[in-house]
Structures are given as C-alpha cells and as structure tokens.
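Student: Let us go through some packing details of this model. Please show it.
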Amino acid sequence: MSEAPDRTREVHTHCPYCALQCGTRLAGDRDGGVTVRPADFDVNRGRLCQKGWTAPDVLSAADRLTEPLMRAADGRLTPVTWNEALDTVAGRLRELRARYGPDAVAVFGGGALTNEKAYLLGKFARLTLGTSQIDYNGRFCMSSAAAAGNAALGVDRGLPFPVTDLATAGTVLLAGANVAETMPPLMQHLDRAELIVIDPRRTATAQRATLHLRPAPGTDLALALGLLHIAVVEGLTDTQYIRRRTHGFEAAARRAMAWWPERVEAVTGVPASTQRTAVRLLAAADDAYVLTGRGVEQHRQGTDTAAAFINLALALGLPGSGHGGYGCLTGQGNGQGGREHGQKSDQLPGYRSLTDPAARAHVAGVWGVHADALPGPGRTAYELLDSLGHGTGPRALLVFGSNPLVSAPHAAHVAQRLASLDLLVVADFVPSETAQTADIVLPVTQWAEEDGTLTSLEGRVLRRRALLPPPPHVRSDLEVLHGLAVRLGEPAHRYPTDPKDVFDELRAASRGGRADYSGISYPRLDAGETLHWPCPDTEPAHPGTPRLFLERFAHPDGRARFADVDHHGPAEHTSTAYPMHALTGRVLAHYQSGSQTRRVAELNGAVPEPFISVHPDTAARAGLADHGLARISSARGSMTARARFDATMRPDTLFVPFHFPGEGRANLFTHPALDPRSGMPEFKLSAVRLEALPEATP
C-alpha cells in the first residue's frame with residue numbers, strides 16, 4: 001500500500017521570474033495544488049508581485065510537456081520514447097558534424113537556466129560537440145551593461161552592493177528602468193530616496209519620481225554626456241576620488257564639454273534647468289546611486305550609453321565609496337549567474353575569457369582535456385541566429401530555456417532561419433512558439449521540480465529547492481545533456497546529473513576567475529549563509545563579498561576607467577515613410593516572451609493581448625479609435641494590435657509590449673543593428689508608421 005502524499009511539506013526557495021529572486025515558501029503537492037507565500041527575505045521582505053503570487057499555476061499548465069515529441073512524416077509532433085528521441089538527436093548530430101564539421105551544430109541557452117545547467121551546457125557544447133557556436137538569450141538583456149562594467153570597473157556584477165543598501169539612499173537615478181512594473185518589490189527599498197527617472201514614457205516608476213527626464217528616443221547618451229558636463233562645470237565632481245581611484249577623466253570630461261545643457265536640450269528635449277536639477281540632487285545626497293536598465297542599454301550604442309552613466313557615477317565619486325555607487329538592474333532570473341559560467345560565445349566558467357591562455361588551461365584541466373581541445377569564440381546571439389541554415393552557418397540548433405521565435409529581433413527573418421535548419425531541438429516544459437516549430441521537443445523539469453543555484457542581481461548565490469517530483473516522463477536538463485553526451489561518445493562521469501556534483505565542479509572551474517565561486521557550497525548555502533561572489537576557497541571560510549570596490553577596482557592597478565564616448569544617434573532615423581518611434585518593453589503581468597505568464601489565467605486576464613500605447617492626437621491623425629485595430633510597420637515587418645490611448649505618451653512615440661506571439665510580436669518590426677562591443681540588438685528604437693485597420697482584419 002503506497003503512502004499518502006505529504007501535503008504539509010514546505011520548502012524555502014525563490015521566485016522563478018526576475019533577477020531580484022524574491023524569497024518564497026512553497027507547500028502542497030501535485031494532486032492538491034501548490035501554494036506560495038513570500039518569505040521574509042532581504043530583497044522582498046514578505047512581498048511578491050503578481051507574477052510571484054501566481055507562479056505555481058505554471059506547474060499545472062494544461063499543455064505541460066510530459067513526453068518527448070518528434071515530428072512525423074505528416075508534419076505533426078507525435079510522442080516517442082526518450083531512447084527514440086535521444087538516439088535520433090545524437091545520430092543526426094553525428095551526421096551533420098561529420099559532413100560539415102563541429103560548427104555545424106549550435107547551442108542557444110537562456111538566462112533562466114540554473115548555474116548548474118548553464119555550466120554543463122557550455123561544457124557540453126565545447127567538449128562533446130566541439131563547437132564554437134554557443135550563445136544565449138542574455139545577450140539580448142545584459143550584454144551592454146556587462147561590457148561597460150567590465151571596461152570601467154574591471155568586473156561585471158549587476159549590483160556591486162546588496163539591494164538593501166538602496167534603502168539608505170538620498171537620491172537614486174534610474175535610467176531606462178521601470179522597476180515599479182518589472183521588479184515591484186524593489187520599490188520598497190527606494191521609499192526614502194528622491195528618484196530621478198530617465199525614460200521617454202511616463203511609466204509607473206516615473207509617476208513616483210521627484211524628477212522625470214523625458215529624452216527623445218535614442219538620445220540617452222547625449223543626455224548622459226550633458227549631465228557629466230554640468231557636474232564638471234559646476235564643480236560638483238569629487239576631484240580627490242578621481243585623482244586617487246580612476247584613470248581617463250580628462251578625455252571623458254573634454255568629450256562632455258561639447259554637450260552643454262542647451263545643446264543637450266536641443267537634441268533630447270530635456271530642459272537645461274531639469275538637467276541641472278538632476279545633477280545637483282545627485283551631488284547633494286549623502287548616499288546616491290546611478291542605476292541603468294534595458295531602456296538605455298538595448299541600443300546600437302548601448303555599451304557607450306551605459307559607460308557614460310558610469311562616467312557620471314565615477315565623476316561624483318560614488319562607486320566603491322561606501323555612500324553610493326553604480327549598478328545595472330539585471331533582468332532574467334539567473335541573468336547574473338547565466339552570464340558567468342560558460343554559455344556565452346566568448347566565455348569560460350568563472351567569467352573567464354575564452355581567448356586567455358591561462359583561463360583555457362585552467363578550465364581544460366578541470367575538464368580533463370588539453371587546452372587545444374577547446375574551440376575559440378563563436379558568433380553572438382543574433383549573429384548566430386542570422387547564420388542558421390546557410391553559408392558557413394550551423395545546420396542544427398539545440399535550444400535550452402529560450403524562445404527566440406518571439407524574443408529575437410527581426411522575428412520574421414529569424415523564423416525563416418530556424419525553418420531552414422536540418423535539425424531543431426528544443427528542451428522546454430511548455431510548448432513555446434519555438435518548440436512548436438522544432439523537429440524534436442524534449443520535456444524538462446521546471447523550477448519547483450529541481451534543485452540548483454541561481455545568482456541574483458546583487459551577485460548573491462541562492463539555493464533553488466524542489467518541492468515536487470517531476471512528472472513520470474520528464475527529465476532534467478542535466479539528464480538530457482548526460483544522455484546526449486554519452487551517446488556521442490563521452491564518458492558518463494564527465495556529465496553528472498546531480499546538481500550538487502555539477503556545482504562542485506563549477507566551483508573548481510571558477511576558482512581564481514572574476515566570478516570565483518570556489519568557496520561557496522551547498523552545505524554553506526543550506527545553513528543559511530549569505531554569500532556573494534567573489535568567494536574564494538580559503539581557510540577560514542571566506543565570508544563572500546557583498547560590496548565590491550571598497551578598496552580597489554578589479555583592474556590590475558586597482559583603478560576604474562572613464563570611457564571616452566560620444567553620441568552618434570540610432571541605427572535608423574524617422575522619415576516620411578516611417579515618421580514615428582516605436583519602443584518595446586515589459587508590462588507588470590507578463591515576463592519575457594510570455595511563454596509562462598500567458599498560461600496563467602490571472603495574468604493573461606490582466607493583459608490578454610498585445611496593445612499599442614499611443615497619444616490620442618497621434619491616433620486621430622491616423623484615423624484610429626481607442627481600442628481600434630492598428631498596424632505598426634517598419635522597414636523589416638509589421639505587427640497588429642489594438643490601440644490604447646495614453647495622453648502621457650510623446651506624440652512622436654509608440655509603445656508595444658514584447659510578450660506576445662504571432663502577428664502581435666513586437667519583434668516583427670525591431671531592428672537587428674548590433675552594438676559593436678556587446679552584440680546587443682537595437683530593440684528599444686525603430687522607425688515606424690501607424691495605420692488604422694478595419695475590424696474585419698484577421
């Protein structure tokens with residue numbers, strides 16, 4: 001007689017959505033349902049957003065993937081056994097590699113994968129497949145701020161201080177970040193601060209602000225240069241800090257001298273007086289922070305723009321001062337850890353460079369191979385997707401934890417490239433839009449069914465704990481990678497399936513790297529220790545590093561670097577054919593491509609379809625009624641949605657959320673122009689036109 005399920009069991013874990021990683025307590029079982037309540041954790045302090053409260057609903061999604069699927073001769077995805085699925089994948093991969101070489105196979109990962117999955121995925125790509133063609137969707141999220149942070153500060157950690165430090169801030173500048181909708185529990189840490197918000201839209205966050213700067217779309221860099229100009233001219237810079245702790249101020253200041261307030265006003269539309277007030281508020285505060293988000297980073301000049309805001313913070317003497325700093329607000333659940341351990345195209349575990357001979361030798365030693373066995377850097381995310389199925393591009397793609405058919409720019413083109421592949425394999429727990437086009441779909445565990453670790457936006461390593469066993473025919477991503485690796489000739493021990501064993505290997509691989517996890521262990525985390533990287537393996541045990549840069553920056557000489565950057569404008573300008581700007585972004589009820597949140601009744605009920613935010617006067621000129629059907633078109637494509645009148649919108653600007661599939665995909669019109677340093681596409685700005693459509697339009 002089987003035992004009755006334990007419906008009183010409770011686990012302490014974390015929300016599956018954003019990088020804030022709010023603490024939660026889960027209880028229940030699959031039969032009776034799972035409940036969630038917020039933990040009294042540092043970042044959320046007993047609060048959750050709407051997505052966090054409804055997160056358990058995804059566990060019982062009606063279309064949950066519960067068995068492997070393979071596309072049959074009639075074109076339908078039909079159930080098969082795991083052996084059939086993995087044997088077929090391995091056999092096809094062998095054929096393609098033999099015919100075209102190892103780079104014929106590519107891997108596309110995700111910023112929501114646990115540290116263990118991201119680590120093993122990078123190892124699998126480089127050792128088992130021998131391919132250089134691996135990148136991940138975090139390239140679309142954090143790459144510009146990461147590139148700027150590495151160049152300026154010597155290391156990329158979203159917040160180089162705990163979230164709780166913000167509670168003492170006198171002034172916080174938020175550039176391109178709408179945290180009231182994207183990270184609502186963070187707002188409680190900003191209650192004391194005077195908020196300066198830089199955003200073209202009157203967002204929920206801007207409504208809370210002391211000062212709202214509304215630059216014309218695509219002019220954030222000019223504004224940042226102007227703010228530095230004011231700090232220098234008005235004598236508000238920390239000259240002793242600059243002299244003692246930085247390099248390159250003179251060149252950056254000379255560049256900013258060309259951006260006097262009135263010129264900045266002419267370019268951005270932000271009044272000169274408002275610019276001066278913003279800088280004076282920052283300079284006068286006892287504790288001041290400059291924080292950036294995707295709004296200023298998802299541009300062709302995203303790295304330079306993030307660097308310009310770091311310049312401002314350095315000029316005011318904030319980073320590493322103990323009374324303020326600079327940080328970027330990492331987006332995805334493991335957006336921080338996911339970019340540290342090897343699923344990026346140019347990276348090895350521990351945030352090591354793939355081109356560094358010492359880094360290659362160290363990681364190869366941990367993996368038990370010669371350094372020459374590791375391939376070099378490959379294409380960045382959009383370049384990889386753009387190359388699929390033609391020329392020298394990959395002929396097969398393995399996708400883990402991503403939905404590029406919705407999330408990539410120039411989406412119709414990406415769909416064509418995916419369709420041209422000889423083999424598309426997707427591992428997911430719901431049939432995302434990308435999974436629905438795959439040749440083989442592999443059902444994998446989701447957050448409440450697996451153990452592992454994630455790293456929050458403040459660099460704190462956290463334990464994910466399983467409440468439920470997975471459905472009978474569902475496997476973990478680690479088990480999938482193990483099964484494929486063994487079939488492709490790798491020794492079984494090289495690909496552990498226990499997350500703790502994988503993490504212990506990750507610790508060794510990261511030892512001595514920028515993101516050193518070697519002193520972090522499951523027992524320490526399970527004992528409740530608060531551990532931020534770097535945390536080397538020392539005796540006595542290292543306490544972790546909650547605050548970086550207090551004594552030195554991460555460059556060899558210990559000094560930060562100002563960046564000599566200038567404003568050059570967007571990849572495309574408005575014209576008579578495309579006279580408006582279109583912005584894309586998130587809404588409170590949804591997350592990323594929406595493949596999870598669109599399956600939650602409460603969230604889908606709140607925002608059931610895409611929409612176009614438009615000023616009523618703009619709509620009137622287009623002959624468009626409120627809630628009327630409309631089309632946004634760019635030189636790349638068109639999307640269709642209903643209009644929402646919003647009198648706070650700029651008359652020259654439209655806003656569209658990017659969470660929806662089909663004809664409502666915002667990325668049908670977005671621009672694939674790439675930042676040359678980070679590979680970030682210009683998601684945040686497209687030249688478009690707006691048209692009213694008859695209600696009979698499909």
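Tutor: Helices (H or I, at least four residues) and strands (E, at least two) are DSSP runs, numbered from the N terminus. This is a predicted model: local features need pLDDT of at least 70, side-chain atom pairs count only at pLDDT 80 or more, and totals for chains, interfaces and linings use all residues. Residues are numbered from 1 along each chain as its sequence is written, and side-chain values use heavy atoms, without hydrogens and water.

Student: Which residues of helix 13 are buried?
Tutor: Buried means under 20% relative accessible area, with a 1.4 Å probe and protein chains only; exposed means over 50% and partly exposed in between. On the other side of helix 13, Pro357, Ala358 and Gly365 are exposed. The buried ones are Ala359, Arg360, Val363, Ala364 and Trp367.

Student: Is valine 80 buried or exposed?
Tutor: Valine 80 sits in the loop between strand 5 (77–79) and helix 2 (82–100). Its relative accessibility is 15%, so valine 80 counts as buried.

Student: What separates the C-alpha atoms of valine 80 and glutamate 67?
Tutor: The two residues are 13 residues apart along the chain. Their C-alpha atoms are separated by 7.2 Å.
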